[in-house]
Amino acid sequence: MKSGAVAKAALAAEPSGSPTSALAIQNLSMRFETSEGPVTAVDDMSFDVPVGSFVSLIGPSGCGKSTVFNIVGGLLTGHAGSVRVGAETVAGPHRAIGMVFQEESTFPWRTVIDNVAFPLEISGIGRDERHEQARHFINMVGLHGFERRYPSELSGGMRQRVAIARTLAFQPSILLMDEPFAALDEQTRLLLGDKILQIQQDLKQTTMLITHNITEAVQLSDRIVVMTYRPGKVKRIIDVDLPRPRTSEVITSTAFGAYVAEVWNDLREEASRGMADAESASQMRPSRRS
Amino acid sequence: MTRSRFRLDTDVLARVAGAASIVILLAVVEILLRTGMLNVYVMPLPSAVLGSFGRLFMEEHLLRRFLLTFAEALAAGLLVAVVGVAVGAALYRWKLLRAAIETWVAAFAAAPLVLAYPLFMVIFGRSALTIIMLGFLAGIAPVILKTVEGLAGVRPTLLNVGRAFKLNGRALFWKVQFPAAVPTIFVGIRLSLIFSLINVVGLEFLINFGGLGQLINELAEQYDLPGTFAAICFVVIVSVVFFVAVERLERWLRPT
Ligand SMILES: Nc1ncnc2c1ncn2[C@@H]1O[C@H](COP(=O)(O)OP(=O)(O)OP(=O)(O)O)[C@@H](O)[C@H]1O
Ligand SMILES: [Mg+2]
């Protein structure tokens, strides 16, 4: 409840009028040269992420989500079209963007607190000061008491929370997350979703989440960008008009169900195309995985 | 806390079992020798070997020799670690260099370098320096190869984390890539130390200079079998000390 009031106050402080975009993706395309010829992973995608909003990019596995993630984060180049942060065009990692990766990304040789303090250490903040700040973000993701543990002593979900806290400690104005909960069970995923929502509402954090989970997308987002399967295009942009602040309880409401059905309608076709593709590929090349 | 106590218990148990198995083995050898099933002129009595320790300490300056061998091995080991990691990092950094000489380094590891000792004697004289240099060169290859392997094998995601935090090339290497490669590098260091130690003692034996190797040489020539075996035991102790030290160092650098 308290966090909700904070979020509202922050909203009121925001300049009113047309929402400015934190992130503008325009006519983005990406082609990979592979041994089986060129593959168009992303094809002419355009969408906006308004300041302070939560946007999800959803699509079936292999549709090009991580490719978009890496291009927006400045880790992958060679694309056509543009990605703009405010007024700047992204060419390489941008200070305003913080990334949380799909794969395991904690540093196994650092304790939780030193993992989270990593970006602060890089910017030259002294040990005591950075530990104090790191503790704040560790509490935020609910890992209080685990500061001195090593990642190998934590569960997968806890490690992913460490990665999220580490990126939050970088204090990016845009948080980019690539399926951060993909490896987690449904209950943990919902609770972590709650955490993310709360953090986003507390910090007024502009967030772009990549996911293939429909409930997660509807639960968290102001806007959902549905992608097609191969090549990855924007199929539809759905604005989610559910009340904020939200918690995971929102999933029991009828409006929620309606949004889920809407997204699933769009996705079903793409997902089945993806499945058919995978099946025919496995029949053609039974011994090889692509 | 029950878990750590359990760990301690298994730890103690493992050590006791390890020590017990050595004692049992020695007892079996003793019995076989005393019953005449093994020849006492080939294999000394374990009790006689133990008994000769005192004599070696008093008459053969065992402690001084032990320390000398230890110091030579330590110098060779430090050189191996520092130079090996640096060369490995250079090979990783410059792909052309790597393509040009990685195979040679691997082949070098198999060369019986100790046979080139006359060359080293010409260059460095009949001195500890010869022994250290040969120990160093004989042991360098594994560290180089494992350093290259470790640096090349770092998960791309970890590097991407660093890049996303806008680390420059240097910081990316020292803060992410190198620490991530440390476990693999230590595998190389351990292997290298074995090679170095064998060559240090072997060369002491060959050129009849220095610590335990020379002692073994002298005792063997006097057909002092218990003394020879006792001296060999001390070589084993040197290597044990080294491995414990490396293990400690690794745990200090990378706690899990
Ligand atoms: N470096 C690359 N070289 C060649 N092809 C690539 C490369 N990276 C991605 N692709 C191809 O681009 C397509 C999209 O990949 P991407 O990783 O973006 O999918 P994704 O939507 O993130 O999938 P998932 O949900 O399984 O993570 C895939 O067909 C993949 O094979
Ligand atoms: Mg992906």
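**Figure 1. Surroundings of A:Ser56 in the predicted model.** Leaving aside neighbours within four places in sequence, A:Ser56 is in contact with A:Leu209, A:Thr211, A:Ala217, A:Ser221, A:Arg223, A:Ile224 and A:Val225. The model shown here and in the other views is predicted. A:Ser56 belongs to strand β3 of chain A, which spans residues 54-58. With a relative accessibility of 0%, A:Ser56 counts as buried, because the cut-off for burial is under 20% relative accessible area.

Figure 2. A:Ser66 is partly exposed, at a relative accessible area of 24%. A:Gln102 is also partly exposed, and its relative accessible area is 31%.

**Figure 3. Helix α2 of chain A.** Of the 8 residues in α2(A), 6 are buried, and the helix is mostly covered. The buried residues of α2(A) are A:Lys65, A:Thr67, A:Val68, A:Phe69, A:Ile71 and A:Val72. After α2(A) comes A:Gly74, which has a positive phi near 80°.

**Figure 4. Overview of chain B.** Chain B contains 10 helices and 0 strands. Taken along the principal axes, the box filled by its C-alpha atoms is roughly 70 × 60 × 30 Å. Chain B has 256 residues, of which 40% are buried. Among contacts in chain B with a separation of 6 or more, 73% are between residues 24 or more positions apart.

**Figure 5. Packing of α6 against α8 in chain B.** Helix α6 (residues 128-152) and helix α8 (residues 169-207) of chain B have axes 6 Å apart and pack at an angle of about 155°. This angle makes α6(B) roughly antiparallel to α8(B), because angles over 145 degrees are classed that way. The crossing of α6(B) with α8(B) is right-handed. The contact of α6(B) with α8(B) comprises 19 nonpolar, 11 polar and 3 charged residues.

**Figure 6. Packing of α3 against α8 in chain B.** Helix α3 (residues 62-93) of chain B crosses α8(B) at roughly 140°, and their axes come within 8 Å. The two helices α3(B) and α8(B) are therefore oblique to each other. α3(B) and α8(B) cross in a right-handed sense. On the α3(B) side the contact includes B:Thr69, B:Glu72, B:Ala73, B:Ala76 and B:Tyr92, and on the α8(B) side it includes B:Phe173, B:Gln177, B:Phe178, B:Ile185 and B:Glu204. By class, the residues of the contact of α3(B) with α8(B) are 15 nonpolar, 5 polar and 2 charged.

**Figure 7. Surroundings of B:Gln177.** B:Gln177 is part of helix α8 of chain B and is among the α8(B) residues that meet α3(B). At 7% relative accessibility, B:Gln177 is classed as buried. Beyond neighbours within four places in sequence, B:Gln177 is in contact with B:Tyr92, B:Leu151, B:Val154, B:Leu159 and B:Leu172. B:Tyr92 belongs to α3(B).

**Figure 8. Packing of α3 against α10 in chain B.** Helix α10 (residues 225-253) of chain B packs with α3(B) at an angle of about 45°, with the axes 10 Å apart. α3(B) and α10(B) are therefore oblique to each other, and their crossing is right-handed. From α3(B), residues B:Leu62, B:Phe66, B:Phe70, B:Ala73 and B:Leu74 meet B:Phe234, B:Ile237, B:Val238, B:Val241 and B:Phe242 of α10(B). The contact of α3(B) with α10(B) has 10 nonpolar residues, with no polar and no charged ones. B:Ala73 of α3(B) also takes part in the contact with α8(B).

**Figure 9. Position of B:Ala48.** B:Ala48 lies in helix α2 (residues 46-59) of chain B. B:Ala48 is partly exposed, with 29% relative accessible area. From C-alpha to C-alpha, B:Ala48 and B:Glu30 are 9.7 Å apart in space, and the two residues are 18 residues apart in sequence.

Note on methods. Residues numbered from 1 in each chain as written. Chains lettered and ligands numbered in written order. Predicted model: local features only at pLDDT ≥ 70, side-chain atom pairs only at ≥ 80, totals over all residues. Heavy atoms only, no water. Axes fitted to C-alpha atoms, helices over the stretch in contact; angles between N-to-C directions. Helix = DSSP H or I, 4+ residues; strand = E, 2+ residues; numbered from the N terminus. Parallel < 35°, antiparallel > 145°, perpendicular 65-115°, else oblique. Left-handed = near helix turned anticlockwise from the far one by under 90°. Nonpolar A, V, L, I, M, F, W, Y, C, P; charged D, E, K, R; others polar. Buried < 20%, exposed > 50% of the residue type's maximum accessible area, 1.4 Å probe, protein only. Contact = heavy atoms within 4.5 Å.
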